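Work through the following exercises with the sequence and the model at hand. Each task is followed by a solution in steps.

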Amino acid sequence: NISSLSLPVGLEMIETDAFYNCTSLSGSLMLPSTMKYIGESAFNGCRGFSSSLVLPDGLEYIGYSAFNSCSGFTGDLRIPESINDNLDLKDLSWVGTSGIFANCRFQGELVLPANITSIPAGCFSRTQFTSIAGFPDGLLQIGGSAFDECWRLMGILEFPESLVSLGDDAFYGCKNLEGITLPSNLSVIKSGAFQKCYQINKIVCKSSNPPIVQSGAFDGVAKDN
């Protein structure tokens with residue numbers, strides 16, 4: 001029955017499940033500038049929050065499923081540089097619905113920190129971002145279902161030269177993507193990675209030796225053009 005939340009200045013940690021499924025919480029979630037750690041499922045299911053989510057500079061860790069199903073969040077999302085590759089990389093079978101920001105309704109731009117090397121499985125599953133402000137130059141892998149069912153995502157995705165692996169269903173159902181540019185170091189595109197991306201009409205591969213493409217990776221993408 002808790003309907004409002006005021007976090008004090010000086011607070012540094014919110015532990016696992018702290019506000020799990022507090023569905024009556026509403027208004028804006030104001031995280032203090034001192035926040036450094038948000039644990040696993042800390043705000044999972046808090047669907048009553050509205051407006052954008054501002055993650056403070058200095059935040060160092062976000063646990064698995066921390067903001068899953070906070071469906072009231074809208075606007076842009078900027079993940080601060082201080083995260084320093086500390087997005088929780090737990091890789092479970094239900095990643096498509098339980099990622100860190102899965103099932104939120106961000107409808108603006110996603111800004112990723114420049115220093116991360118991996119986007120966790122299911123991290124942005126079923127969000128509604130319209131664009132990604134470039135992938136980090138050192139990015140090595142994009143996890144399974146990382147952006148699946150992000151149906152508002154549009155334009156051409158250009159992956160960095162550092163990228164080695166695209167996970168299962170990574171961009172499954174991103175039906176408004178128009179094209180992709182694959183880097184020369186990419187070694188594998190896993191099953192379903194671009195399945196049901198119906199609007200893709202241009203694929204550029206920079207490598208003379210193309211990556212391994214697993215079954216169904218491009219099911220639903222027109223091959224005749």
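## Exercise 1: Overall build

The protein chain holds 1 helix and 14 strands. The model is a predicted one.

**Task.** Decide how the radius of gyration of the protein chain stands against the globule rule.

**Solution.** 
- For the extents, the C-alpha trace spans about 55 × 30 × 30 Å along its principal axes.
- Buried residues account for 48% of the 225 residues.
- Among contacts with a separation of 6 or more, 49% come from residues 24 or more positions apart.

## Exercise 2: The sheet that contains β6

**Task.** Find the order of the 5 strands in the open sheet that includes β6, and state the sense of the pairing.

**Solution.** 
- The order is β6-β8-β10-β12-β14, with parallel pairing.
- The edges are β6 and β14 (212–213), each of which pairs on one side only.
- Next to β6 comes β8 (residues 141–142), and these two strands pair in the parallel sense over 2 bridges.
- Within this pairing, Ile-119 has Ile-142 of β8 as its bridge partner.

**Task.** Locate Ser-118 and classify it as buried or exposed.

**Solution.** 
- Ser-118 belongs to strand β6 (residues 118–119).
- The cut-off for a buried residue is under 20% relative accessible area.
- Ser-118 has 7% relative accessibility and therefore counts as buried.
- Its side chain makes a polar contact of 3.5 Å with the side chain of Gln-141.

## Exercise 3: Strand β11 and its partners

**Task.** Trace the pairing of β11 with β9 and with β13.

**Solution.** 
- Strand β9 (residues 155–158) runs parallel to β11, and 4 bridges join them.
- Here Gly-155 stands opposite Leu-177 in β11.
- Strand β13 (residues 202–205) also runs parallel to β11, again with 4 bridges.
- In this pairing Thr-181 is opposite Val-204 in β13.
- As for cover, 5 of the 6 residues of β11 are buried.

## Exercise 4: Core and aromatic pairs

**Task.** Name the residues that touch the most other members of the largest nonpolar core.

**Solution.** 
- The core has 62 residues, and those with the most contacts to other members are Phe-43, Phe-67, Phe-101, Ile-142 and Phe-171.
- Strand β11 (residues 177–182) contributes the most to this core, with 3 residues.

**Task.** Describe the aromatic pair of Phe-43 and Phe-49 and that of Phe-67 and Phe-101.

**Solution.** 
- The count of aromatic pairs comes to 20.
- Phe-43 and Phe-49 pair edge-to-face, at 6.1 Å centre to centre and 70° between the planes.
- Phe-43 and Phe-49 are both buried.
- Phe-67 and Phe-101 are stacked, at 5.7 Å centre to centre and 0° between the planes.
- Phe-67 sits in the loop between β3 (61–62) and β4 (77–78), and Phe-101 in the loop between α1 (95–98) and β5 (109–111), so their pair ties together parts 34 residues apart in sequence.
- Phe-67 and Phe-101 are buried too.
- Beyond its neighbours within four places in sequence, Phe-67 has contacts that include Leu-29, Ile-38, Phe-43, Phe-73 and Cys-104.

## Exercise 5: A serine in a loop

**Task.** Place Ser-162 in the chain and find the backbone oxygen that its side chain approaches.

**Solution.** 
- Ser-162 lies in the loop between β9 and β10 (165–166).
- Its relative accessible area is 18%, so Ser-162 is buried.
- A polar atom of its side chain lies 2.6 Å from the backbone oxygen of Asp-137.
- Setting aside neighbours within four places in sequence, Ser-162 is in contact with Pro-136, Asp-137, Gly-138, Leu-139 and Leu-140.

How values were computed
Residues numbered from 1 in each chain as written. Predicted model: local features only at pLDDT ≥ 70, side-chain atom pairs only at ≥ 80, totals over all residues. Heavy atoms only, no water. Buried < 20%, exposed > 50% of the residue type's maximum accessible area, 1.4 Å probe, protein only. Polar contact = N/O pair within 3.5 Å; in protein donor to acceptor, adjacent residues only side chain to side chain. Pairing = 2+ DSSP bridges. Phe/Tyr/Trp six-rings, centres within 6.5 Å; stacked < 30°, edge-to-face > 60°. Core = buried A, V, L, I, M, F, W, Y, C linked by side-chain atoms within 4.5 Å. Contact = heavy atoms within 4.5 Å. Rg over C-alpha atoms; globule rule 2.2 N^0.38 Å.
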